[in-house]
Amino acid sequence: MNAHDDFLPLIVTSPSGAGKTTLVRRLLARFGDMAQSVSVTTRAPRMGEVDGHDYHFVTATDFSTMVARGAFAEWAEVHGHRYGTSLEKMEAARDRLRGMVFVIDTQGARQLKARVPDAVGVFVLPPSMEVLEGRLRGRGTDSDETIARRMHNARGELTHYGLFDYVVINDDLDTASDELCSIVTAERARRWRRAGAAERVIHGATVR
Ligand code: 5GP
């Protein structure tokens, strides 16, 4: 019997600036038995980013080789760079964790949902486009041109909210964070994720 038959693949998607990074950080602080998937990307590391921790940084050629070898559970081009989720790492996570968080874009979310039927998708919605733009400007890291491009992309991303099982509105961070944690709690209690536990109890074991 697989001890992690209640494994929860959790997709978290939002336009940049909607606050998904902070929400996922809080989620992982709450659920120590979940981890974030480290994506493979062709984009160059930003200041302070660590290879193998933030991303696995690879060359365009290496990425293409991985695509050809079928190494990705999903991959997509986002803002001119390619990003992908390693199939092997995703499968390995099932043996040692109770869940994995995939912070990916809507193209990747569509592919992962098709490939991993038990994946749960959460879309993080900014309360308004004005708030989103304000948050992007507040970072102070992007040029007007970059912000305009990100806002344009954000509008496109928002129209795909229908792909997801849940929508969390990130207006107040504490409220949004509670909502995201509640989704994980509820999803863990789904009948099919508890089937193994129920069978074990039926056969005389104790489950926690
Ligand atoms: P950044 O370059 O700012 O770290 O990430 C840009 C966007 O790429 C993120 O908002 C995220 O949605 C997307 N992304 C990161 N990793 C993956 C991945 O493995 N697959 C897909 N499809 N998108 C990703």
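Tutor: Helix 5 and helix 6 pass each other in a right-handed crossing, that is, with the near helix turned clockwise from the far one by less than a right angle; helices here are DSSP runs of H or I with at least four residues, strands are E runs of at least two, and both are numbered from the N terminus. This is a predicted model, in which local features need pLDDT of at least 70 and side-chain atom pairs pLDDT 80 or more, while totals for chains, interfaces and linings use all residues. Residues are numbered from 1 along each chain as its sequence is written, and side-chain values use heavy atoms, without hydrogens or water.

The axes of helix 5 (residues 129-139) and helix 6 (residues 144-158) come within 10 Å and cross at roughly 145 degrees, each axis being a line fitted to C-alpha atoms over the stretch in contact and angles running from 0 to 180 degrees between N-to-C directions. On the helix 5 side, Met-129, Leu-132, Glu-133, Leu-136 and Arg-137 make the contact (heavy atoms within 4.5 Å), and they meet Asp-144, Ile-147, Arg-150, Met-151, Ala-154, Arg-155 and Leu-158 of helix 6. These residues divide into 7 nonpolar, no polar and 5 charged, where Ala, Val, Leu, Ile, Met, Phe, Trp, Tyr, Cys and Pro count as nonpolar, Asp, Glu, Lys and Arg as charged, and the others, Gly among them, as polar.

Another right-handed crossing is the one in which helix 1 passes helix 7. The axes of helix 1 (residues 20-30) and helix 7 (residues 173-188) come within 10 Å and cross at roughly 50 degrees. Here the residues in contact include Leu-23, Arg-26 and Leu-27 of helix 1, together with Ala-176, Leu-180 and Val-184 of helix 7, and the contact as a whole comprises 7 nonpolar, 3 polar and 3 charged residues.

Turning to the strands, strand 7 (residues 99-103) is mostly covered, with 4 of its 5 residues buried (under 20% relative accessible area, with a 1.4 Å probe and protein chains only). Strand 1 (residues 8-13) runs parallel to strand 7 and is joined to it by 5 bridges, with Leu-10 having Val-101 as its bridge partner in strand 7. Strand 2 (residues 34-36) also pairs with strand 7 in the parallel sense, over 3 bridges (pairing requires at least two DSSP bridges), and Met-34 stands opposite Gly-99 of strand 7.

Key. Buried < 20%, exposed > 50% of the residue type's maximum accessible area, 1.4 Å probe, protein only.
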